[in-house]
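Biologist: Let us go through this model and ask what stands behind each term used for it. Please show it.

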Amino acid sequence: MTMLQQTSSPAELPLLDVKDLVQRYTLPRESMFKPAGQVHALNGVTARVMAGRSLGVVGESGSGKSTFARLVMALEQPSSGSVSLMGRDLNRMPAGELRRARRDFQMVFQDPYGSLDPRQTIARIVAEPLTALGRMDRATLRGRVAGVLRQVGLRDADMDKFPHEFSGGQRQRIAIARALITQPKLIVADEPVSALDVSVQAQVLNLLQDLQDQFGLSYILISHDLAVVDYLCDEIAVMYLGRIVEQGSPEDLFAHCAHPYTRALLEAVPRASAGGTRRRRGAQSIASQSTGATGCAYASRCPLADQYCRDTAPALRNVGTAHLAACHHAEAVMALPPAAGG
Amino acid sequence: MSGSINTPLIEVRDLGIRLNTSRGPAQAVRGVSFSLKRGETLGLVGESGCGKSVTALALMGLLPDSAVVSGSIRLDGSELVGLSDANYGKLRGNRISMIFQEPMTALNPMHTIGRQVAEPLRRHTNCSAAEARKEAIALLDRVGLPDAAKRVDAYPHQFSGGQRQRVTIAMALACQPDVLIADEPTTALDVTIQGQILDLIAGLVAERGMSMILISHDLGVIAENVQRMMVMYGGTVVESGATNAVFTRMGHPYTQGLFRARPRLGARKGTRLQTIAGTVPELADLPSGCTFADRCAIVEDRCRMALPAVVDVSAGHGVRCVRTDVSMAEAVGAVGA
Amino acid sequence: MSTPMSASIEVGAATARPQAPTGFWRRALRHRSFVIGGTLSLMVLGAALLSLVWTPWSAYEIDVASKLRPPSAAHWLGTDVLGRDIVSLLLVGARSTIMVGIIAVGIGITFGVSLGLLAAARKGWTEEIIMRMSDFTFAFPAVLSAIMLAAVAGPGMVTSITAIGIFQIPTLVRLTRGSANAIWAREFVLAARASGKGGFRITIEHVLPNVLPILIVQATIQFALAILAEAALSYLGLGTQPPQPSWGRMLNDAQTLLFQSPMLAVYPGAAIAIAVLGLNLLGDGLRDLLDPRLARER
């Protein structure tokens, strides 16, 4: 079936197709007599990424955005749902085939200190995705490593050094070089700049943009920072407690957002400008992931919530062209004056 | 608690701090001076290793023993540099308090939050255990912890990150300090929680007439929360002034670079971020002249000769740069709506 | 993105190659505890090798007439209760000591580290079974397992080495699993998994090199424990069988004469102390030398 799709309409086939992804984790038992609790880290997430386009995933801690990244990278088996890359379901592939398929999707992690093995040379670290695919002679390997190091703005001579000899920003470049070496079509980047200093952050974001222009890469960029996602992505998904609550182009989301949570996020961004007075925010209680409430998960924090919201969970629906929101009051939210970002 | 409104509560003159790092001795802070009146708020902004946290630790008397402090720190006129640890202990948590970045590591996981909030009270005042507990509940209630009376005997791990930060704020406020130092108090928190915590701190500062020093790497947080600000780089203050004045027209190439390098919401797609070349220098090998010289786009030979003097570009707005005529030719900054 | 200035600096630094083997030995010879530890360990090894070709006297020849002699030109450290030459006993004893140590620790490391790494890599039931088995083994003291083994295989050096080796496994399983679990939680392991590397390759390429420093230090401690355990077993008649000498046996033989001729206990005791200290320092040195983060700064 997948073969058929590939041959019939190659142009329309999405690079990545995520369907109704659900991930539950079982909590450690608190008591022998009670059933073990469960956390719904992902609650039915559907998304697709076309080749050369980028998807930003925004959310706060507990929104499920990192779980989403791990599932896209096939580092975990989902409880249900599917992740397909170029029409092939990653979780139904035999292990050997999945290993070969991994050349097409690579990952960049948040912590530039933890994501590089301190006991390996840069050459070994960067070559890892290649050596994982099979044997390769040393000269070719070093040639490839030198090539990607230059692409990320480092030098050939850096190959024989160890991670501790580099600054945070340089380490993140090394991590990006590692992701590039197999010439992937998709790079999943989980908070790639949040551990970096502001002045270095900009260098790495520019690099990511350059690489996209140069190689036609797609990114899935996971971040808590709206501005970072806005800078790099064609489409943004806002996640809240394991669900996508709003999805659309950056222009749609920032000019007229349709979900109260997106609006809260936008309003919370402090603005770096003179005369920035404090805007008071109402106290908000924090919802928990394990509660199996029936209504909208955001209702307890939402200023617009009514009884209907608390009873009936809203579905993700179209509120504009390619603009989706999961809110009963989406139209009312969109009618509000824009929440200017900083 | 003496002193009139116009005398500075805290006055720092030419503060210098030498630290022993793994790469040898390093001048972590050079020539930092500022004064803060009762009720005023001051922001310290900069990147990793710029000296902002070291300055805060110096104010708290919490530097390692090997650190060499020069200059003067006066609280209500009395000198703190060279004060014995025992005497500093009487000030810490009593007249000067600090809130840290990571609430989980600032709290002892083995003690109830009630006990931890009551601890400074028990140490610095002679109130009974019952009174301290009552006060702790009142404080926890004030910082917005839901069900404070019921949860006073809970342990730190039973709270969310934001709630834990509320607990550390209650701890810092227990003895009604004159000066509150908040070192990246919201960096570990989600953005919607960040707003609540900053609101809480601002409210408490106004309500109790405290002075606050807010340390952050985020220009936005500084712009919205303090009256005056200092930008630090490589252990020196490169720019200082009223927050509005600095944001209206930035004078130092570093402040400007930091401002331009931030990705902004709604910036047109395809625009490139303006970067500052190079990386943040290590404290052990700072350049001898202007600390920013190696990364500056308008650097000249004389920048590398000696640390530039502070130039007043407008009343109370000082810039440590010899080339403000060039750097300020183009207005860099933003005025909010 | 980087200025020309920083470029020239880094090119300059890069010409100093860090990986040349001469560099390793130069650093090794400058590392004080490595040098001292290495020298002491070589001394013990040298003694054992020397005893294969030469000893001043025969270590097996009993001469009751000249028992408990003080040090003299003929017997440098005197003689024991059976009139055997102490120097010769120490030299030959080094052989069994080194044998017991190396083989027993070898058994412990081979099984302990493999099982620990397996437990950390597999988790779930595999981990549960390995850990419960090692708890079970841990519950039997070395002496008890040696007695049980001796009942089956008869007492002797092989039996005592095997018993000591088995006794070492649980400690090493626990240590390895604990350290390996910490490595498995690191992001670079996640990166390796994202590259498609399986549990075995990740264990060999990432986990093992990162737990190795802890294991090296622990191995030297285990070596010391093995020597002491051998001494205890020899005392019970379960270890090295007479007339084969070992430091442990010498120590225990000396015990009955402790007030009469205390030096009899001091000599083998000092020998054990030197061996253990040497190995500990050697282990510390190796741990530092194998750490790339310390490589440049020394």
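Biologist: How far apart do the C-alpha centres of domain 1 of chain A and domain 2 of chain A lie?

Modeller: In this predicted model, the two centres lie 24 Å apart. Domain 1 of chain A takes in residues 1-27, 37-118 and 176-241, and domain 2 of chain A takes in 247-269 and 293-342.

Biologist: What makes up the contact between domain 1 of chain A and domain 2 of chain A?

Modeller: A pair of residues counts as a contact if the C-beta atoms lie within 7 Å. Ten residues from domain 1 of chain A and 15 residues from domain 2 of chain A take part. On the domain 1 side, α8 (226-232) and β9 (235-240) of chain A are the elements that give two or more residues. The most come from β9(A), with five residues. That side of domain 1 of chain A has seven nonpolar, no polar and three charged residues.

Biologist: Which parts of chain B form domain 1 and domain 2?

Modeller: Domain 1 of chain B is 10-226, and domain 2 of chain B is 251-265 + 272-327. The C-alpha centres of these two domains of chain B are 29 Å apart. Eleven residues of domain 1 of chain B touch nine residues of domain 2 of chain B. Strand β2 (residues 24-36) of chain B provides the largest share of the domain 1 side, five residues. By class, that side of domain 1 of chain B holds three nonpolar, five polar and three charged residues.

Biologist: What does UniProt place at residues 10-259 of chain B?

Modeller: An unreviewed UniProt entry gives the feature "domain: ABC transporter" there. In the model, residues 10-259 of chain B are 40% helix and 27% strand, with end C-alpha atoms 29 Å apart.

Biologist: Why are β2 and β5 of chain B said to stand at the edges?

Modeller: The open sheet is built from four strands of chain B in the order β2-β1-β4-β5, with antiparallel pairing. In that order, β2 and β5 (78-79) of chain B each have a single partner strand, so one side of each lacks a neighbour in the sheet.

Biologist: In which sense do β6 and β7 of chain B pair, parallel or antiparallel?

Modeller: β6(B) and strand β7 (residues 179-183) of chain B pair in the parallel sense, over four bridges. B:Ile96 stands opposite B:Val179 in β7(B).

Biologist: Which residues of β6 (residues 96-99) of chain B point one way, and which the other?

Modeller: B:Ile96 and B:Met98 point one way, B:Ser97 and B:Ile99 the other. All four residues of β6(B) are buried, so each has 20 or more other C-beta atoms within 10 Å of its own.

Biologist: How many residues of chain B are in contact with chain A?

Modeller: 44 residues of chain B are in contact with 39 residues of chain A. On the chain B side, α8 (191-208), α9 (219-225), α10 (243-248) and α11 (253-261) each supply at least two residues. α8(B) gives the most, with seven residues. The classes on this side of chain B are 18 nonpolar, 18 polar and eight charged.

Biologist: How many helices and strands are there in chain C?

Modeller: Chain C has twelve helices and zero strands. Its C-alpha atoms fill a box of roughly 85 × 50 × 30 Å along the principal axes. Of the 298 residues in chain C, 42% are buried.

Biologist: Which residues of chain C does UniProt annotate as "transmembrane region"?

Modeller: The unreviewed entry covers 34-54, 98-121, 142-167, 211-236 and 257-282 of chain C. In the model, residues 98-121 of chain C are 100% helix, with end C-alpha atoms 33 Å apart. Residues 257-282 of chain C are 77% helix and 0% strand, and the end C-alpha atoms lie 34 Å apart.

Methods
Residues numbered from 1 in each chain as written. Chains lettered and ligands numbered in written order. Predicted model: local features only at pLDDT ≥ 70, side-chain atom pairs only at ≥ 80, totals over all residues. Domains from an automatic or database assignment. Contact = placed C-beta atoms within 7 Å. Nonpolar A, V, L, I, M, F, W, Y, C, P; charged D, E, K, R; others polar. Buried ≥ 20, exposed ≤ 12 C-beta atoms within 10 Å, placed from the backbone. Pairing = 2+ DSSP bridges. UniProt positions renumbered as here; feature names shortened; annotations may be inferred.
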